[in-house]
Amino acid sequence: MVGSISNNLNSITLNIQGMTCAACVHTVEGALQKIQGVDSASVNLATESAVIGYYPVEANVRKMVAAVNAVAYGVSSDELRIGVSNLNDVSDSKRLEQGLSGLDGITSVSVNIGTSSVTVAYVRGSVTVEAMQGAVTSLGYLIDTVVLADAVSYTHLTLPTSDQV
């Protein structure tokens, strides 16, 4: 979850995968604290999470995920599936991939022209569903459906699009 701590300092909680001991905690904390713009990083083995205070002008979620991955651990991500009605060809696919990948906190984008859908993996709390929908519509695409898949329980929730609200 991203939250404002003070003036320009933000915080986010990342779910860390693969930690088994205190040395793991120390390794992940060290990797996060090396990122320019990170003010604090507190990793908890019991909750498998890291709470990071950072200045978004200098640090971002993408750098944090890369730092955790670089020391052989992972960061959990959630998945969002967006149905796009006017998705036609490979150039549309590339435009959507580039547009969505530009949002901080998105870890992967996969466009399927056959099903007219875009699947986005993202770090929970780092980017909103509305921001992702906005990125798609700002590129001129029409959204039919938005389906969230919860990473923990894999429960699917279909959200109404702006046309249905």
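**Note on the cysteine pair, cores and helix H2**

1. Cysteine 24 is buried, at a relative accessible area of 6%. This value, like the others below, is computed from a predicted model. The closest cysteine sulfur to that of cysteine 24 belongs to cysteine 21, at 3.3 Å. Cysteine 21 itself is partly exposed, with 30% relative accessibility.

2. The structure holds zero disulfides. For cysteine 21 the reason is distance: its sulfur lies 3.3 Å from the closest cysteine sulfur, that of cysteine 24, which is too far for a bond, because a disulfide requires the two sulfur atoms to be within 2.5 Å. Seen from cysteine 24, the closest cysteine sulfur is that of cysteine 21, and the 3.3 Å between them is again too far for a bond.

3. On the overall layout, the protein chain has four helices and ten strands. Their order along the sequence is β-β-α-β-β-α-β-β-α-β-β-α-β-β. The chain has 165 residues, and 40% of them count as buried. Of the contacts between residues at least 6 apart in sequence, 59% join residues at least 24 apart. The accessible surface of the protein chain is about 8600 Å², with 52% of it belonging to carbon and sulfur atoms.

4. The largest nonpolar core contains 25 residues, and Ile16, Leu32 and Ile52 have the most contacts inside it. At least two residues of this core come from each of strand S2 (9-17), helix H1 (22-33), strand S3 (38-44), strand S4 (49-54) and helix H2 (61-70).

5. Setting aside neighbours within four places in sequence, leucine 32 is in contact with Val38, Ala41, Val43, Ala50, Ile52, Met64 and Val68. One of these partners, Ile52, is also listed with leucine 32 among the residues with the most contacts inside the largest core.

6. Which residues of H2 are buried? They are Val61, Met64, Val65, Ala67 and Val68. These residues lie on the same side of H2, because they cover an arc of only 160 degrees around the axis. The elements that cover them include S2, H1, S4, strand S5 (74-75) and strand S7 (106-112).

7. The two ends of H2 each have a feature to check. At the start of H2, asparagine 60 places a side-chain oxygen within 3.1 Å of the backbone nitrogen of arginine 62. Just after H2, alanine 72 has a positive phi of about 75 degrees. Alanine 72 is located in the loop between H2 and S5, and with 69% relative accessibility alanine 72 counts as exposed.

8. Most residues other than glycine have a negative phi. Alanine 72, a residue other than glycine, has a positive phi near 75 degrees. Glutamate 48 is not a glycine either, and its phi is positive at about 50 degrees. Glutamate 48 sits in the loop between S3 and S4. Is glutamate 48 buried or partly exposed? Glutamate 48 is partly exposed, at a relative accessible area of 39%.

Methods. Residues are numbered from 1 along each chain as its sequence is written. This is a predicted model: local features need pLDDT of at least 70, side-chain atom pairs count only at pLDDT 80 or more; totals for chains, interfaces and linings use all residues. Side-chain values use heavy atoms; hydrogens and water are left out. Buried means under 20% relative accessible area, exposed over 50%, partly exposed in between (1.4 Å probe, protein chains only). Contact means heavy atoms within 4.5 Å. Accessible areas come from the Shrake-Rupley method with a 1.4 Å probe; for residues, only the protein chains shown count as cover. A nonpolar core is a set of buried Ala, Val, Leu, Ile, Met, Phe, Trp, Tyr and Cys residues joined through side-chain atoms within 4.5 Å. The arc is that of the directions from the helix axis to the C-beta atoms. A polar contact is a pair of N or O atoms within 3.5 Å; within protein, one must be able to donate a hydrogen and the other to accept it, and residues adjacent in sequence count only if both atoms are side-chain atoms.
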